[in-house]
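Have the 3D view open as you read.

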Amino acid sequence: MSVPVKASPNNSNLALTNELRQVTVPDFVAAKTRGHRLTMLTAYDYTMARLLDEAGVDSLLVGDSLGMVVQGQPDCLAVTLDEMIYHTRLVARGVRRSLLVADLPFMSYQVSPRQALKSAGRLIKEGGAQAVKLEGGVRSAAAIAAITAADIPLMGHIGLTPQSVRRFGGFKVQRDAERLLEDAQAVEAAGAFAVVVECVPMEVASRITAALKIPTIGIGAGPDCDGQILVTPDLLGLFDDIRPRFVKNYADLGQAVRKAVETYCREVRDGSFPAPEHSFR
Ligand code: KIV
């Protein structure tokens, strides 16, 4: 790693690596001891991946949240492995620097550790992912162990695991501190290099972060995690079907898109577009 980074107000916006080199899994793990807060966002296509990568985000996740924010479904359960591979391939073309992680969708790893390994292998070989992510703590430990034994880097995901939405009865904050800690430790022991902690009380996330050697990436889990992730269309104000409390809108691109398209329609209708400079002789 070329730039020594420690958490301080003066260097808090430094990237994890310089612009010429891709962030690796060891960079990601080392960030925890170096006090570098990790940044992670979701991406689903080439154009957005390129913009996010150029803006310096440490890692991009091709999340199965694409079921909701790209496909318009009520949850992510119907997303297939082939769809994940397709979107991972699109994102991979736009990535120069960020560590590219792809989600294993519902029922692509729950059947057996062998199925989990095969699915993870496809995301790496066919999608171009550098690492994979799956949901579950203790219950997914065997799948995590099978994948990491094949040297495929794996990120865990505990707390509000969206693939369990039917069991939870909705997208609800998870509060069982002892169980969450057990899940986090099972993920680490099985070989994961990092773990997403979603929608848990900040005190619990803080305890988990202190207990693990691997970085925790929080979403709705307070400020003490080693990094943060958001769903990019939420952050940009492009998706408002659901508005979780933990989302911060850093832009209102939804409004910007509506305004731009209204102006386009008006100009086409009143004949002011295309102007001479947009036309050929
Ligand atoms: O699918 C996804 O986007 C995710 C993040 C919310 C962590 O799993």
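Of the 281 residues in this predicted model, 49% count as buried.

As for secondary structure, you'll find 11 helices and eight strands. The radius of gyration is 20 Å, close to the 19 Å that the globule rule gives for 281 residues, so the protein is as compact as a globular protein of that length. Along the principal axes, the C-alpha atoms fill a box of roughly 65 × 45 × 35 Å. Now look at who touches whom: among contacts with a separation of 6 or more, 58% are between residues 24 or more positions apart.

What about charge? There are 31 positive and 31 negative side chains, and the centres of the two sets lie 2 Å apart.

Go to the segment after α11 (253–270), where Pro274 sits. The peptide bond leading from Phe273 into Pro274 is cis, with omega near 0 degrees.

Two other spots have a positive phi without being glycine. Met107, in the loop between β3 (99–103) and α5 (113–125), has a phi of about 70 degrees. Its relative accessibility is 42%, so Met107 counts as partly exposed. Asp151 has a phi of about 65 degrees and belongs to the loop between α6 (141–149) and β5 (154–159). Is Asp151 buried or exposed? With a relative accessible area of 69%, Asp151 is exposed, the cut-off for that being over 50%.

How values were computed. Residues numbered from 1 in each chain as written. Predicted model: local features only at pLDDT ≥ 70, side-chain atom pairs only at ≥ 80, totals over all residues. Heavy atoms only, no water. Helix = DSSP H or I, 4+ residues; strand = E, 2+ residues; numbered from the N terminus. Rg over C-alpha atoms; globule rule 2.2 N^0.38 Å. Buried < 20%, exposed > 50% of the residue type's maximum accessible area, 1.4 Å probe, protein only. Contact = heavy atoms within 4.5 Å. Lys, Arg positive; Asp, Glu negative; His and termini not counted. Charge placed at Lys NZ, Arg CZ, Asp CG, Glu CD.
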